[in-house]
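I open this notebook to record what I looked up in the structure shown here. Each entry takes up one topic in turn.

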Amino acid sequence: MYKSNQFTKALNKLDLKLSQMKSVSSEVRMYYEVGHLEDAFDKAFDLERLSEQAVLLTRSLPAYTGAPSAKPAVEECIKSTVPICIGYTEEGWFSVRLPLLLPKKEEGSADYIRAILYPAMRDFFIAREPKNYENCVLIYRHVYDVRRPERRKRDHDNIEINMVSDIVAMYVMPDDGPDCCSHFYCSAEGNAERTEVYVVPEQEFKAWLAAEPDMPDKGVALYETVPETVGKEV
């Protein structure tokens with residue numbers, strides 16, 4: 001009965017979110033068609049927030065049926081629809097590439113990011129020994145779609161970035177605090193939006209900065225293990 005009640009509650013919440021999304025979507029279209037792009041952006045951001053909340057609710061529904069295969073099935077669905085690239089650059093730097101920007105939200109939580117990144121990191125390291133980058137720089141490179149020059153740049157200090165930092169630190173850093181890690185944020189243009197995360201030893205940060213302007217549009221090549229060409233321990 002508990003599962004049934006939870007299922008009904010989640011479904012009712014989802015119905016409400018979908019209704020709100022339909023209303024806000026109409027507002028986005030109205031503002032855009034009359035040329036009020038700033039208002040259209042604000043409403044589009046509201047629509048994005050509502051859609052992510054709706055996604056979280058849909059992810060909970062299979063589990064509320066009581067099916068034992070619900071959790072792994074949902075995780076497989078997430079991996080196929082939100083592909084995340086994880087690996088090491090040819091320089092030996094650890095990197096995560098997310099096919100989305102990390103927005104700042106006024107409300108809600110980072111559950112959406114946790115649900116897609118944590119399983120991907122867990123699966124990547126399930127048969128690999130985690131690396132430990134001490135005295136490093138944790139880098140966030142936000143890539144904006146060059147075809148959308150009106151796209152407002154995101155704030156760096158947001159709950160999604162904090163969640164990503166915590167998950168990355170869990171596997172490749174002793175901690176993401178200032179005693180062993182500095183943070184660096186930058187933005188670039190590309191043919192698709194994404195967020196790139198790098199963990200780079202502090203003494204190699206200048207080399208990363210020099211390489212950044214020439215990084216390929218699809219992202220740098222990532223390897224499952226540190227390439228043998230890296231001539232020193234990380």
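In which order do the five strands of the open sheet lie? I found the order β1-β2-β5-β3-β4, with mixed pairing. Before going further I noted that this is a predicted model, in which local features need pLDDT of at least 70, side-chain atom pairs count only at pLDDT 80 or more, and totals for chains, interfaces and linings use all residues. Residues are numbered from 1 along each chain as its sequence is written, and side-chain values use heavy atoms, with hydrogens and water left out.

**Entry 1: the chain**

I counted six helices and five strands in the chain. Helices (H or I, at least four residues) and strands (E, at least two) are DSSP runs, numbered from the N terminus. Read from the N terminus, the elements run α-α-α-β-β-α-β-α-β-β-α. The chain has 234 residues, of which 42% count as buried; buried means under 20% relative accessible area (1.4 Å probe, protein chains only). I then looked up contacts, which are heavy atoms within 4.5 Å. Among contacts between residues at least 6 apart in sequence, 80% join residues at least 24 apart.

**Entry 2**

Two strands pair if DSSP finds at least two bridges between them. Strand β1 (residues 85-88) pairs with β2 in the antiparallel sense over four bridges, and Y88 stands opposite F94 in β2. In the hairpin of these two strands, five residues lie between β1 and β2, and G92 among them takes a positive phi near 95 degrees. On to the next pair: β2 and β5 run antiparallel and are joined by five bridges. T195 in β5 is the bridge partner of L98.

**Entry 2: helix α5**

Which strands does α5 touch where it packs on the sheet? I recorded β2, β3, β4 and β5, and the direction of α5 makes about 135 degrees with that of β3. Such axes are lines fitted to C-alpha atoms, for helices over the stretch in contact, and angles run from 0 to 180 degrees between N-to-C directions. Helix α5 (residues 159-172) has 14 residues and reaches 20 Å from its first C-alpha to its last, close to the 20 Å expected at 1.5 Å a residue. The expected span is 1.5 Å times one less than the number of residues. Ten of the 14 residues of α5 are buried, so this helix is largely enclosed by the rest of the structure. Including I161, V164 and V168, the buried residues of α5 are covered by elements that include α4 (111-125) and β3 (136-145).

**Entry 3: helices α2 and α4**

I checked α2 in the same way: its 28 residues should span 40 Å at 1.5 Å a residue, and its end C-alpha atoms are 40 Å apart, which agrees. Just after α2, G66 takes a positive phi of about 90 degrees. How do the axes of α2 (residues 37-64) and α4 cross? They come within 9 Å and cross at roughly 55 degrees. The two helices are therefore oblique to each other; angles under 35 degrees count as roughly parallel, over 145 as roughly antiparallel, 65 to 115 as roughly perpendicular and the rest as oblique. I listed E52, V55, L56 and R59 of α2 and D111, Y112, A115 and I116 of α4 as making the contact.

Key: Buried means under 20% relative accessible area, exposed over 50%, partly exposed in between (1.4 Å probe, protein chains only).
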